[in-house]
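Here is a short briefing to read alongside the sequence and the coordinates. Please have both in view.

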Amino acid sequence: MEPVAIVGWALTPMVRRTDKSEARLLFDVVTGATEDAGITRADVDFSCAGSCDYVAGQAFSFVQNIDAVGAWPPKRDSHVEMDGAWALYEAWVRLQLGDLDVAIAMGSGRSSTADPATIYPMEMDPYYLAPLGADAVSLAALQARVLLDAGLVTERDMAGVAARTRADAVGNPYAQVSGEYDVDALLKEDYVRAPLRKHDLSPITDGAAAVIIARGDKARELSDNPVWITGFAHSAEPHQPGVRDLRASTSTARAAKAAGADGHFDVAELQAAFTHEEPLLTAALGLGPDVAVNPSGGPLAANPVMATGLVRVIEAARQIRDRGKQRTLAHATSGPCLQQNLVCVLEGTK
Amino acid sequence: MTTFVESTVRFPYKRSLGSVIGYFMTALTDRRIVGIRNGDRVLVPPLEWDPATAEQLNPDFVDVGPAGTVRSWTWVAAPSGQHPLDHPFAFALIELDGASTTLLHAVDAGDISAMETGLRVAPRWRAQRVGHLTDIEAFVPGEEPVTPEDDAGPAAEPVTMMNYDASISYTTPVPETQLVFGKAFAEGRLVGLECPNCHRVYTGLQQACPVCAIPLNGTHEVELPQTGTLTTFTIITPVQYPGQTETEPFARVHVLTDDIDAVLAYQPVVDFPNADVHPGVRVKAVWTTDADGKQELAGWTPTGEPDVDDPSIVNRIF
Ligand SMILES: [Zn+2]
């Protein structure tokens, strides 16, 4: 396996509604990430972006987004209709071929464009789920109740996750929701989709993120402290939530095993967009109480859909490059009830 | 002050069902719910492949239900326009009697207090069934299926296709560059944006020079001439999809503007028969005035000048 490291990144401010287009959000993070890595757009050999036409409300929206990367000199480009974490995965795979040195992965989403309850059914099975308007929050609520009924989590645990992540997010300049909250007060709020209350859901967020990766010697040349990707894998389960055991996330456990994620980490950044998903993922990843989970506040603090997973990678890398940690984990997810899961293991230069 | 535009996009899909989902949908018209045998399990709704091994399943269908047990549920207090009921309802994962898996559907329970895990429910059938998941209007608490008095009976033929029609209302910011184009248009002017570095002129959706990676804005506006040369074209034979108003084959052309060297893409034509459209034709802009006095570009029409005989014309796409 070719050694590949993260050598730069950038995030936009995470806000409820931006006045910038998706192409412009990406323009800003491509500029920021290349500056962070000490390179120019001309040094980028391969680019891959993650975004969603249904979120953008425009067919082929990703074609415009390419302007953000710059068209000259000509470079190889790809797109995934997935979170930017999967774009990073593709870029990492591309660098494994050994003929290119530098790649950029991006994720962008303007979730404020429309009611999420009407957008996300479009991405579901078109025969059995979409015709019912099966929205992501309803499906998450069904999984939450399975966990509650099984005694694997309580509503108090879930409110506790919300309070802890919002408090952690106070120190994160990219957080949209942060502050000190009392668990008893949170539990008195009405349900949005029983058993989920507002604090169990991620905010609606507009934002984008970009990550620069480089291969071997090029990474060492560009950075004094490259963050090495030492394990990277993803796995999927059946799309129909009804055929799965929703009490566990087997694809997360499978991806973790393939990525060499053994549970021993300083920090884990998880794409737990709903409070009940955090204990579920923590169990699937075998994370003990000594692992700091989502110290950035995680998706509950800011959820730029299609970039949320890539932001987890950035926050996990930040812990190594800027906070002196040695080994961190980033997780990303896609699909109803944690259908597909990606695990990325990051390590500092020893 | 950012301008936001409201728009509603319809997604009218027509999908083929295949032999497994088609069988399930056809059975719905007959007020039956079927699963497919997968080893010692019965999958409902039926899938074409084993979800664990991806092996293709034999079409060994089994009638299940009609009643079942709620294995999980959530309450939708404020339904969206895409949800199956327009009043508060529950989404539930329902294990139909005889099934090994759960089916997602709506439960019309009246009030959240009527819902609990383990609740027994049965389908309330629509009178007119077309082979669609919503042939079951919703499940209702109890053991007995509900059938309307005016039941129309099963489909005469096996169901092979289904319609799925969703619409989403979007609120999108209008980029500053779009406003530059739009404002000029309303005044009967054509403008482009000139990159301060490479001096290329852009007339499309670009918000940055994609070559130099320099953001563009109103300060880069340049006036475009309203005459030019047709560089390429296509004749479109319309298919009738929702929103399509054209009925006869029509032309879309690219126009290379004079002096400025900017290409306006996918332009309509005016008084310009399809048979006469070809590269090299000299054209000029035609404007109309709308009810508010705003100008609108109707399209491009021949000036009558001789054709431009320049081989490089045909190589100009954008
Ligand atoms: Zn330029």
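The points below cover a strand and a metal site.

This is a predicted model; local features need pLDDT of at least 70, side-chain atom pairs count only at pLDDT 80 or more, and totals for chains, interfaces and linings use all residues. Residues are numbered from 1 along each chain as its sequence is written, chains are lettered from A and ligands numbered from 1 in the order in which they are written, and side-chain values use heavy atoms, without hydrogens and water.

**Strand β2 of chain A**

- Strand β2(A) spans residues 46–50, and five of its five residues are buried. Buried means under 20% relative accessible area, exposed over 50%, partly exposed in between (1.4 Å probe, protein chains only).
- Strands are DSSP runs of E, at least two residues, numbered from the N terminus.
- One side of β2(A) carries A:Phe46, A:Cys48 and A:Gly50, the other A:Ser47 and A:Ala49; both faces are covered.

**Its partners**

- Strands pair if DSSP finds at least two bridges between them.
- β2(A) runs parallel to β3(A), residues 76–80, over five bridges. There A:Ser47 stands opposite A:Asp77.
- β2(A) also runs parallel to β4(A), residues 102–110, with five bridges. A:Phe46 has A:Ala103 as its bridge partner.

**Zinc site in chain B**

- The SG atoms of B:Cys195, B:Cys198, B:Cys209 and B:Cys212 are the protein donors, lying 2.3 Å from the zinc ion. Donors are N, O and S atoms within 2.8 Å of the metal (3.2 Å for Na, K and Ca); water is not among the atoms, so sites may look incomplete.
- Their spacing along the chain is C-x2-C-x10-C-x2-C.
- B:Cys198, in the loop between β11 (191–194) and β12 (201–202), and B:Cys209, in β13 (208–209), are 11 residues apart.
- B:Cys198 is partly exposed at 24% relative accessibility. B:Cys209 is buried at 0%.

Terms used
Helix = DSSP H or I, 4+ residues; strand = E, 2+ residues; numbered from the N terminus.
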